[in-house]
Amino acid sequence: MLFPLTTRTNEQNHLEIGGCDVVELAREYGTPLYIYDDLHLHQRVAEIRDAFKSRWPNSLILYATKAYYSPYLARIYNNAGIGIDVTSEGEMEIAHRAGLSPDKIYLHGNNKTPAEIRTALAMGVNHVIVDNLDEIELLAKIATELNVTPRVLLRLAPAIDPHTHRYMATGIAESKFGLSMASGDAMQAAHRVAQLAPRLELVGLHVHIGSQVFELEPYRDAITALTDFAQELNSTMGFELQELDLGGGWGVAYTDEQETLTADMVAETIITAVKSQVSNLHASRPISNLKLLFEPGRALIAQSAIAVYTVGSIKEIRGVKTYVAVDGGMGDNVRPALYSAKYTARVANRMNDAPMQQVAIAGRYCEQGDILIDDVALPHVATGDLIVIPVAGAYQIPMSSNYNLIPRPAVIAVRDGKARVIRRRETIDDMLKCDES
Ligand code: LLP
């Protein structure tokens with residue numbers, strides 16, 4: 001099922017989510033419109049959290065906020081007791097305002113600025129995932145200025161291919177992320193951080209092999225690579241692994257041909273691999289003290305939302321293709337243009353009508369590549385109909401742009417027949433407010 005949990009078709013043949021008729025929501029809030037299923041979000045975070053906690057009590061889920069973050073989401077995830085992975089001052093600020101304890105915030109980034117590091121440390125964030133050798137010196141300098149002792153995890157690039165789009169393979173040898181294990185940078189970084197003790201405290205290792213990963217074998221390989229490395233550090237410098245962060249990347253289905261990795265499947269595979277690997281590690285403390293961290297983004301949120309568009313022009317190029325053009329596109333969802341990402345669609349006001357034609361869903365932006373879906377079977381569609389695209393919850397709004405000076409969509413959340421705006425539609429004034437004449 002690609003649609004959110006509370007989805008159904010009502011007596012009007014309309015799509016309904018959270019007890020709200022999507023046709024009425026579109027009328028009230030306009031389109032393009034992003035609709036999040038509040039119950040789905042709550043259930044999914046509990047499911048993922050519990051899948052890991054039940055197998056490894058000392059585990060913490062860190063939501064990868066880049067997938068989409070807002071005060072509304074911060075509240076849900078804080079109440080669920082999970083932490084976050086952040087890469088910017090903006091993401092930190094949302095968490096801070098929502099009252100998240102700084103010890104649940106892990107700072108990421110392959111080129112953290114001095115300002116970001118300073119803000120994080122001053123805020124009380126005490127876990128920094130170090131990406132490169134230069135960062136170690138910068139971090140030590142700022143930590144000295146602020147008289148704090150950050151706990152450091154080293155992000156490793158173990159040269160593991162997760163078989164995903166090449167823009168999302170982040171643990172391979174040529175990745176811009178992490179410390180290469182093969183080149184010796186990883187080992188050098190460990191020694192350098194240890195040398196800077198007690199100003200920096202080396203506590204753990206991190207890996208994020210990539211995103212939209214559907215195979216579990218690369219995760220097992222990454223666990224072996226990291227625990228072997230921890231073992232080597234243990235014998236050469238007495239290092240004891242306190243925290244092991246295995247990143248995110250768990251694949252989510254966007255079309256019926258794909259299958260979302262279940263939380264139980266991922267947790268069982270990963271925890272089994274960790275247990276078999278870590279049993280020989282660090283003799284001086286019980287293994288259950290090892291803190292395991294996971295950083296899912298998409299898996300927590302992608303399937304909780306749909307995007308709704310209104311059909312404008314319909315262009316039939318006889319014998320070639322039919323374009324159904326909608327009022328959104330690459331401005332609110334750049335993923336098809338950027339990664340050739342595949343989606344599917346339905347017509348919200350004709351849910352049970354049989355598919356009659358193959359069409360392409362074209363966006364409204366001035367790019368030939370602005371095609372949301374190349375080929376999808378739809379019932380007869382007419383101008384004014386509502387196209388809905390499921391699995392719209394991750395990496396769409398946060399990667400949106402004002403290309404062609406078009407305002408970004410509104411975002412609403414629905415539950416029990418009530419809708420509320422969690423991000424109002426942008427206005428032309430919003431877009432222009434940074435420009436000087
Ligand atoms: N941890 C780190 C260090 C990451 O860089 C990412 C994603 C995650 C966790 C979460 O990955 P997830 O569980 O969401 O797959 N814009 C692309 C995805 C890029 C992911 C970037 N890093 C997309 O639209 O598919």
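Predicted model: local features only at pLDDT ≥ 70, side-chain atom pairs only at ≥ 80, totals over all residues.
**How α8 meets α9**

- The crossing in which α8 passes α9 is right-handed.
- On the α8 side, the residues that meet α9 are Tyr219, Arg220, Ile223, Thr224, Thr227 and Asp228. Their partners in α9 are Thr269, Ile270, Ala273, Val274, Gln277 and Val278.
- Sort the residues of this α8 with α9 contact by class and you get 6 nonpolar, 4 polar and 2 charged.

**How α2 meets α3**

- Helix α3 (residues 71-79) packs against α2 at an angle of about 40 degrees, and the two axes are 10 Å apart.
- α2 and α3 are therefore oblique to each other.
- Here too we have a handedness to note: α2 passes α3 in a right-handed crossing.
- α2 brings Asp38, Leu41, His42 and Val45 to the contact, while α3 brings Tyr72, Leu73, Ile76 and Tyr77.
- The class count for the contact of α2 with α3 is 6 nonpolar, 1 polar and 1 charged.

**The cavity**

- If you go looking for cavities of 30 Å³ or more, the structure holds 1.
- The largest cavity has about 40 Å³ of space in it.
- Its lining is made of His40, Arg44, Val252, Thr260, Arg298, Ala299, Leu300, Ala302, Gln303 and Ser304.
- Two elements give two or more residues to that lining: α2 (38-53) and α10 (298-301).
- α10 gives the most, with 3 residues.
- By class, the lining of the largest cavity splits into 4 nonpolar, 4 polar and 2 charged residues.

**The pocket**

- About 690 Å³ of space lies in the largest pocket.
- There are 27 residues lining the largest pocket, and those nearest its centre are Lys66, Thr170, Phe177, His208 and Tyr395.
- α10 turns up here as well: along with α11 (335-339), α10 gives two or more residues to the lining of the largest pocket.
- The lining of the largest pocket has 10 nonpolar, 10 polar and 7 charged residues.

Notes. Residues numbered from 1 in each chain as written. Heavy atoms only, no water. Left-handed = near helix turned anticlockwise from the far one by under 90°. Helix = DSSP H or I, 4+ residues; strand = E, 2+ residues; numbered from the N terminus. Contact = heavy atoms within 4.5 Å. Nonpolar A, V, L, I, M, F, W, Y, C, P; charged D, E, K, R; others polar. 1 Å grid on protein atoms, 1.4 Å probe; cavity = no way out; pocket = protein on both sides within 12 Å on 5 of 7 lines; lining within 4 Å. Points joined across faces, edges and corners; volume = space filled by probe spheres on them. Axes fitted to C-alpha atoms, helices over the stretch in contact; angles between N-to-C directions. Parallel < 35°, antiparallel > 145°, perpendicular 65-115°, else oblique.
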